[in-house]
Amino acid sequence: MNGRVTITEASVPGLPTGVKLRFDKQRDQWVILAPERLFVLDAVALEIVKRCDGQASVADIVDDLTAAYAAPRDVILKDVGALLQDLADKRILAA
Amino acid sequence: MTDLGFPLAILAELTHRCPLQCPYCSNPLALEAASAELSTAEWKAVIAEAADLGALQIHFSGGEPTARRDLEELVAAAAAAGLYTNLITAGVLLSRERLAALAEAGLDHVQLSFQDSEAAGCDRIGGYKGGFEKKLDCARWTVELGLPLTLNMVVHRQNLEHLPEMLALAEELQARRVEIAHVQYYGWAYLNRAALMPTREQLEDATAVVEAARERLKGVLVIDYVVPDYYARRPKSCMGGWGRQFLNISPAGKVLPCHAAESITNLTFDRVQEKSLREIWEHSPAFNAYRGTDWMPEPCRSCERKEIDWGGCRCQAFALTGEAGTIDPACALSPLHDALQALATTESATGEGSFTYRSRKAGEAAARLPERIDS
């Protein structure tokens with residue numbers, strides 16, 4: 001039986017089957033394609049989602065983004081956690 | 001007019017053939033024969049063109065799309081063009097092997113209809129004996145194959161009492177998503193309206209059940225809920241506006257602004273065999289007839305919601321008044337609004353339960369629809 005996924009630093013997020021990250025060349029934007037859904041990703045969301053490869057943990061992703069963007073780790077953790085929990089609740093992220 | 005862009009998603013109604021006979025089928029009353037259907041090559045050309053124009057998703061629907069033997073080939077063509085592919089099916093013609101072949105061809109998502117939460121109601125409403133068991137098999141195979149599963153539940157007076165069981169069925173079958181869609185009254189559903197119309201109390205109960213379930217099943221089951229508008233105060237933003245975000249290709253190649261558009265009998269629709277999709281999308285008189293806000297009568301034209309509701313639903317305005325360009329009677333600002341609500345209340349209380357089932361023969365006989373409403 002399914003259960004709600006709770007995102008923690010130890011979670012290893014990835015896109016499940018039937019959910020695809022794609023570049024929409026006609027509109028020059030990145031989108032997630034999912035059952036009866038299409039989500040346009042802004043620059044921040046894209047940086048997070050493209051790191052969700054089913055191998056890196058949330059802690060790894062946050063470390064990577066902290067290094068790349070020279071921002072406080074706790075701020076990035078909060079943003080990443082909120083986005084991934086929202087995607088998980090929409091059933092377009094597995095972890 | 002500003003840049004029209006192109007729809008993100010298109011609906012490909014591959015055939016009107018279907019083993020089920022649902023009395024609220026979204027197909028037109030005049031069902032296309034198999035001989036009128038587009039060929040495999042024609043569909044593949046349209047799919048490639050739609051992807052090239054900017055479509056990102058394609059919904060394969062019908063009738064029953066699995067009645068087309070070339071479905072695997074069409075799914076593969078869509079996947080090769082980069083489209084996200086969705087199958088909208090009744091499930092009763094599928095074997096596990098065929099579903100696996102479709103997954104192999106690149107199918108991304110299965111939307112499976114149930115007419116009720118239990119066999120008796122499901123088989124009676126769908127007019128197909130043994131259908132419920134086959135649907136259960138189809139749901140299990142979908143999940144076993146790793147495909148995301150959505151259950152489509154069309155709800156109305158004769159099955160709304162089972163709404164909690166429908167949600168439980170979706171959970172039990174491990175659907176990621178369920179659509180609870182109240183019947184919208186065009187074509188077949190308009191013909192069967194008195195047998196389907198829910199009471200206002202049923203509607204309010206259903207909405208409360210859905211809201212509670214959304215809270216309880218957060219992160220487990222995504223619930224989409226489509227409300228009926230005969231009891232509403234504001235009309236639905238039908239298709240997000242005529243000719244703005246969506247197009248539908250009929251089995252015979254007609255390009256429609258929505259699946260019910262053929263019910264507006266004074267419009268003519270261009271065909272993909274004759275013109276390019278881009279030309280039809282941008283210039284077809286049927287698409288331009290109610291596009292934007294210039295066509296609107298008052299009070300729509302000066303309404304602050306004109307770019308929210310887009311004037312409601314043209315098919316509904318036509319079905320109820322005979323004029324597609326008039327105010328949707330679902331809007332409280334329509335002079336017909338009170339009459340519409342009274343009609344819904346009366347039909348839900350006194351309508352008989354028997355259906356006119358969908359069939360080619362019944363469609364031909366149904367030239368005369370229920371009375372239009374008068375103010």
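View 1. Helices, which are runs of at least four residues, and strands, which are runs of at least two, are taken from DSSP and numbered from the N terminus. In this predicted model, the pattern of chain A, followed along its sequence, reads β-β-β-α-α-α, and its secondary structure therefore amounts to three helices and three strands.

**View 2. The overall dimensions of chain A.** Along the principal axes, the C-alpha atoms of chain A occupy a box of roughly 40 × 35 × 20 Å. The radius of gyration of chain A is 13 Å, which agrees with the value near 12 Å that a compact globule of 95 residues would have. Of these 95 residues, 27% count as buried, and among the contacts between residues at least 6 apart in the sequence of chain A, 52% join residues that are at least 24 apart.

**View 3. The place where chain A meets chain B.** Here 19 residues of chain A are in contact with 19 residues of chain B. Strand 1 (20-24), strand 2 (29-34) and helix 3 (73-89) of chain A each contribute at least two residues to the side that touches chain B. The residues on this side of chain A comprise six nonpolar, five polar and eight charged.

**View 4. The largest nonpolar core.** This core has 133 residues, and those with the most contacts inside it are Ile58(B), Phe60(B) and Cys315(B). Its largest share, six residues, is supplied by helix 2 (residues 71-80) of chain B. If residues up to four places away in sequence are left aside, Ile58(B) touches several residues, among them Ile10(B), Ala12(B), Ile47(B) and Leu83(B).

Methods. Residues numbered from 1 in each chain as written. Chains lettered and ligands numbered in written order. Predicted model: local features only at pLDDT ≥ 70, side-chain atom pairs only at ≥ 80, totals over all residues. Contact = placed C-beta atoms within 7 Å. Nonpolar A, V, L, I, M, F, W, Y, C, P; charged D, E, K, R; others polar. Rg over C-alpha atoms; globule rule 2.2 N^0.38 Å. Buried ≥ 20, exposed ≤ 12 C-beta atoms within 10 Å, placed from the backbone. Core = buried A, V, L, I, M, F, W, Y, C linked by C-beta atoms within 7 Å.
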